[in-house]
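Please open the model in a viewer and keep the selection panel at hand.

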Amino acid sequence: MIRYALTRGALLIAGLLVASVVIFLSLRVFPGDVAQLIAGSEATPTQVQAIREALGLERPLFAQYGDWIGGLFRGDLGVSMLTGASVGEELLQKAQVTVPLGLMAMIIAFVIAVPLGILAALLRGRAGGTAMNVGAQAVAAVPVIWAGMMLVVVFAVWLGWLPAQGFPRAGWAEPWQAVRALLLPALTIGIVEGAMLMRFVRSATLQAASQDFVRTAAAKGLTRTAALVRHGIPAVGLSIITVLGLQVAGIVVGSVVIEQLFTLPGIGRMLVTDVGTRDLVKVQSELLVLTGFVLVIGFLVDLVHHVIDPRQREAA
Amino acid sequence: MLRRSTGLTLLAGIAAAAVILTACTSAPAPSPTATSTGTPDPDATITVGLVLEPTNLDIRRTSGAALEQILIDNIYEGLVTRTQDNEIEPRLASDYTVSPDGLTYSFTLNEGVTFHSGTALTSADVVASFQAVKDDPTLQGNADFAQVATIAAPDAATVEITLTEPNQNFLFALTGPGGLVFQTGDTTDLKTAENGTGPFTLSRWNKGSTITFARNDTYWGEAAGVAEVVFEYIPDFTAGVNAAIDGSLDVLTAVDPNLAPQLEQTGEFVLTTGRTTDKGTLAFNNKKAPLDDIRVREALRLAIDHEALVAAVGAGQTMFGPIPELDPGYEDLSDVISYDVEKAKSLLKEAGHEDLDLTLTIPSFYGTTVPKVLVSDFAKVGVNLEVKSVEFATWLEDVYTNRDYDLSFVLHVEPRDFGNFANPDYYFGYDNPKVQSLYAQALAETDADASAALLAEAARLVSEDHAADWLYNGATITALVPGVAGFPQDSINSRINLQDVTVAAK
């Protein structure tokens with residue numbers, strides 16, 4: 001087990017290093033720079049050059065990369081080229097919106113997917129089951145942005161129950177307002193991700209139904225459904241954890257779109273703005289933190305899997 | 001300076017004024033409900049929805065309309081400022097005089113002006129601020145100070161600036177970021193904090209969301225009419241309208257004309273249409289073939305149905321030359337160009353370009369309305385237009401810096417920026433010595449009317465050379481809830497002076 005964790009951990013670190021190089025270099029091929037944006041379109045080339053030098057954009061790429069990575073090892077994510085503010089601090093601040101949003105979306109997805117997925121599996125072959133399956137497929141195919149707009153139209157504009165955009169100025173000091181602000185965006189991501197997850201739960205349940213131990217249980221006198229519920233579904237739990245882990249990436253991507261739509265001051269919206277302003281140091285640190293987050297979740301899922309699933313343990 | 005929003009109009013204070021104004025424009029007239037003009041509430045907070053958030057607050061070093069729009073006059077002040085009509089008026093100066101030769105400007109400072117730090121403002125602060133702009137090329141406005149010879153403070157209440165040659169635009173330049181006055185030796189980090197002299201102080205900036213101002217109770221002039229202003233930044237037009245409808249905003253600026261009817265239908269808003277100096281400019285790369293051929297440029301202008309384009313944009317008016325109505329030197333130049341598809345075709349044939357492929361490079365935030373109209377208009381004369389939508393930073397690099405483009409569209413919002421057509425190094429690549437000479441004369445002319453006449457003459461030449469096409473002069477639509485009074489109406493995409501704004505007690 002320890003050997004497995006160490007090997008897997010080394011892979012994680014290697015993955016992060018590769019990601020850092022890819023992120024760093026890929027941002028450099030973007031046309032346009034922050035110096036020109038600061039100077040504006042009435043500035044002379046000399047003025048732009050002066051700003052560029054002041055920001056260190058003229059230094060060799062290797063030195064810029066070294067500075068950045070060196071800072072990361074000291075736990076310093078760098079400062080924004082535009083505002084001089086600490087990237088780490090701003091990330092923490094924006095995480096207060098994005099992390100609760102992701103958690104809420106995940107919970108909603110889970111609450112939708114698990115019961116409906118199992119029900120759809122139990123109803124397989126009947127009209128209800130087919131309808132649920134087709135419905136889930138349709139919802140999963142809906143673009144997040146469109147789902148968000150529909151929810152806004154219904155719940156914010158028509159019914160006026162929930163705010164259409166924004167986050168309370170006081171943040172979590174007004175917990176109820178903060179939750180209200182996140183409800184529509186979380187529902188948007190949660191419903192779409194939940195539909196995907198539901199289809200997975202359904203097929204995993206069906207697969208479990210065909211497993212030997214379920215058949216054995218049925219042979220011992222349980223009904224098929226009871227056998228599935230008592231013995232099959234607990235086995236499904238494990239694979240659901242894996243898929244939920246994978247969905248973290250989907251939720252991060254979804255938050256970029258949804259924060260834009262709902263004007264939420266979160267990490268996704270910060271990222272979009274910073275790419276637009278070519279605030280390179282900020283963007284690369286933000287991307288690396290997000291990449292790291294997704295990689296770490298994958299790492300944890302693998303570890304949990306390894307601990308729980310006896311077959312994997314034997315294989316390793 | 002360019003602005004990233006489809007410009008619309010402005011706003012108005014009082015419902016009655018709004019009705020009259022909107023009735024005079026092409027914008028759909030609202031049917032405002034009776035507006036309560038109740039007693040202003042001095043403790044009120046007003047929430048204003050805006051599209052474009054500043055990247056940082058350092059107005060000395062960062063360009064951008066988003067920054068000027070909220071900071072100038074509210075937080076920072078200059079010796080002079082400009083009205084909604086772009087007229088110059090005194091601000092920190094109680095009075096000013098210009099010598100007959102146009103070389104010496106004398107300003108007398110108002111009494112009792114203090115910075116937000118509590119320190120009193122003296123002429124030494126003005127001298128230090130201006131000297132820095134003159135000496136430091138990274139400060140905004142540095143180029144405007146090129147002809148400044150000396151900046152002096154004969155006494156604590158007087159500032160005297162002498163120029164090496166007369167410059168008709170100098171006083172106007174002082175209404176911009178270069179003319180703002182900062183405390184000498186101040187160590188405030190201007191990127192995130194401030195120390196101005198204005199009627200408001202900065203209380204909080206929640207990046208990506210809101211900026212909050214509080215009334216400065218020790219303001220030297222008349223105190224602001226509201227206790228607090230919250231600028232809510234909503235980059236998506238639809239989200240902005242939704243926010244207004246769900247009641248989270250008192251004012252929404254830059255309403256998309258196509259979404260304005262949604263706000264009107266609620267019956268809860270007064271919509272106003274204001275004038276701007278936004279010039280929807282279709283730039284031609286004058287130095288690059290085939291656009292270096294005047295026949296091709298004229299043909300492209302003839303192919304555009306400007307009336308239809310303005311209708312598609314939804315607000316604003318046609319313009320046929322480089323100077324908008326709010327700037328000196330404006331003249332109706334509609335006689336220069338018409339909509340004539342046949343003439344356009346024959347000009348292209350004559351120039352040997354019956355089939356022409358051109359690329360339009362456009363920053364992505366302008367949407368698709370303008371490119372769509374151009375593609376369809378140009379197709380009628382055999383010009384195939386490929387639209388390349390890019391991020392603003394990319395536009396700055398490819399088009400503005402490297403001049404690597406055929407056609408480009410941006411909204412040039414800066415007032416009095418005609419000089420770009422007298423600068424052969426600007427990205428238009430337009431080089432006409434006669435225009436350059438007329439512009440130089442206009443700047444050197446000390447009589448304002450004579451100067452404007454020279455500008456008008458130069459502007460006509462630019463239009464006759466078809467140096468660019470001006471697709472429309474933008475208007476800006478603002479939605480206000482009844483009870484908000486005194487909100488500025490014109491030019492609000494470059495200045496939102498909030499001092500006189502009030503909100504009726506509910």
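Begin by selecting B:E391 and A:R278, which form a salt bridge whose closest N and O atoms lie 2.9 Å apart. Across the interface of chain B and chain A, this type of link is found once: the rule gives one salt bridge. Please bear in mind that the model is predicted, and that every value quoted here is computed from it.

**The contact between the chains**

Next, select the residues of each chain that touch the other. Chain B brings 45 residues to the contact, and chain A brings 39 residues. The size of an interface is often given as the accessible area lost when the parts come together. Between chain B and chain A the buried area is about 3,300 Å², and carbon and sulfur atoms account for 51% of this area. If polar contacts are displayed, the count between the two chains is 15 residue pairs, both residues being at pLDDT 80 or more.

Which elements of chain B supply at least two residues each to the side that touches chain A? They are β9, β10, β11, α5 (237-245) and α11 (392-401) of chain B. Select α11(B) in particular: with eight residues, this helix gives the most to that side of chain B. Colouring the side of chain B that touches chain A by residue class shows 16 nonpolar, 19 polar and ten charged residues.

**The strands of chain B**

Now turn to strand β10 of chain B, residues 210-215. Is this strand largely enclosed or largely open? Five of its six residues are buried, so β10(B) is largely enclosed by the rest of the structure.

Proceed to strand β11 of chain B, residues 228-233, which runs antiparallel to β10(B) and is joined to it by five bridges. β11(B) is mostly covered, with five of its six residues buried.

Then select strand β2 of chain B, residues 45-50. What is the sense of its pairing with β11(B)? The two strands pair in the parallel sense, over six bridges. Here B:T45 stands opposite B:E228 of β11(B).

**Chain A as a whole**

For the last stop, select chain A and display its secondary structure, which comes to 13 helices and zero strands. The C-alpha trace of chain A spans about 85 × 55 × 35 Å along its principal axes. Chain A has 316 residues, of which 47% count as buried. Among its contacts between residues at least 6 apart in sequence, 70% join residues at least 24 apart.

Terms used: Residues numbered from 1 in each chain as written. Chains lettered and ligands numbered in written order. Predicted model: local features only at pLDDT ≥ 70, side-chain atom pairs only at ≥ 80, totals over all residues. Heavy atoms only, no water. Buried < 20%, exposed > 50% of the residue type's maximum accessible area, 1.4 Å probe, protein only. Helix = DSSP H or I, 4+ residues; strand = E, 2+ residues; numbered from the N terminus. Pairing = 2+ DSSP bridges. Contact = heavy atoms within 4.5 Å. Buried area = accessible area lost by both parts, 1.4 Å probe. Salt bridge = Lys/Arg side-chain N within 4 Å of Asp/Glu carboxyl O. Polar contact = N/O pair within 3.5 Å; in protein donor to acceptor, adjacent residues only side chain to side chain. Nonpolar A, V, L, I, M, F, W, Y, C, P; charged D, E, K, R; others polar.
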